[in-house]
Amino acid sequence: MVRGLAAAMAVIIVAAAAFWSATEGFRVFTTEGARRLEVARSPRPLPAVVLEDQDGRRIGPEWLRGRVVLVEFVYTRCPTVCSTLGEVFGRLSQALPGVTLLSISFDIEHDGRAELKDYAIRHGADGDRWRVVRPTSGGDLRDLLDTAGVVVIPDPWGGYQHNAAIHLVDGRGRLVRVLDFEPLSALIDEVTPWLAS
């Protein structure tokens with residue numbers, strides 16, 4: 001009986017150690033949580049890609065330098081979470097006048113200039129502090145999604161399933177945080193210190 005109890009305890013200890021390791025010391029329980037922790041631990045520079053905005057202007061990585069930028073990844077036909085993200089960005093543009101907002105479409109085959117412009121008008125993107133953009137090539141899109149850890153999966157209805165979060169880019173052009181978009185007050189509290197630094 002003692003040997004059985006010792007064997008059971010050994011199994012429990014091994015299982016607990018494996019679970020502790022897989023959850024980063026019981027801090028994360030999902031792949032999304034692991035992505036957020038990894039970005040916070042090891043900020044990563046955004047790739048040097050060219051983006052086209054809702055007015056047909058091209059912007060490159062130099063446009064990000066010296067700015068705190070909040071990035072959302074969306075597609076303009078999305079009837080659910082992307083609309084919510086657009087509404088959150090509208091409120092952030094009022095609440096955080098020092099921040100730059102960037103809505104990046106990952107549906108570059110469908111989202112041309114007209115679709116980007118429509119999304120901008122619907123959500124109040126001004127084309128200055130808040131731009132709605134798309135990468136100019138599939139390679140640039142893949143580089144952005146890979147760097148941010150954004151997963152985009154086509155769904156059976158012609159849309160996409162994707163992670164929904166706000167990505168904080170610092171003045172050096174590095175992705176430094178992945179944040180929840182609700183509650184808004186907590187998001188503002190998280191971003192405000194970055195504007196002062």
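Contact here means heavy atoms within 4.5 Å. The model shown is predicted, with local features needing pLDDT of at least 70, side-chain atom pairs counting only at pLDDT 80 or more, and totals for chains, interfaces and linings using all residues. Side-chain values use heavy atoms, without hydrogens and water, and residues are numbered from 1 along each chain as its sequence is written.

**View A. Leu102 and its neighbours.** Leaving aside residues up to four places away in sequence, Leu102 touches several residues, among them Leu51, Trp63, Phe89 and Trp130. Leu102 is also one of the members touching the most others in the largest nonpolar core, which has 50 residues. Such a core is a set of buried (under 20% relative accessible area, 1.4 Å probe, protein chains only) Ala, Val, Leu, Ile, Met, Phe, Trp, Tyr and Cys residues joined through side-chain atoms within 4.5 Å.

View B. Searching the whole structure gives zero disulfides.

**View C. The cis peptide bond at Pro183.** Glu182 and Pro183 are joined by a cis peptide bond, with omega about -5°. Pro183 sits in the loop between strand 10 (174–179) and helix 6 (184–196); these are DSSP runs numbered from the N terminus (helices H or I, at least four residues; strands E, at least two).

Conventions
Disulfide = S-S within 2.5 Å.
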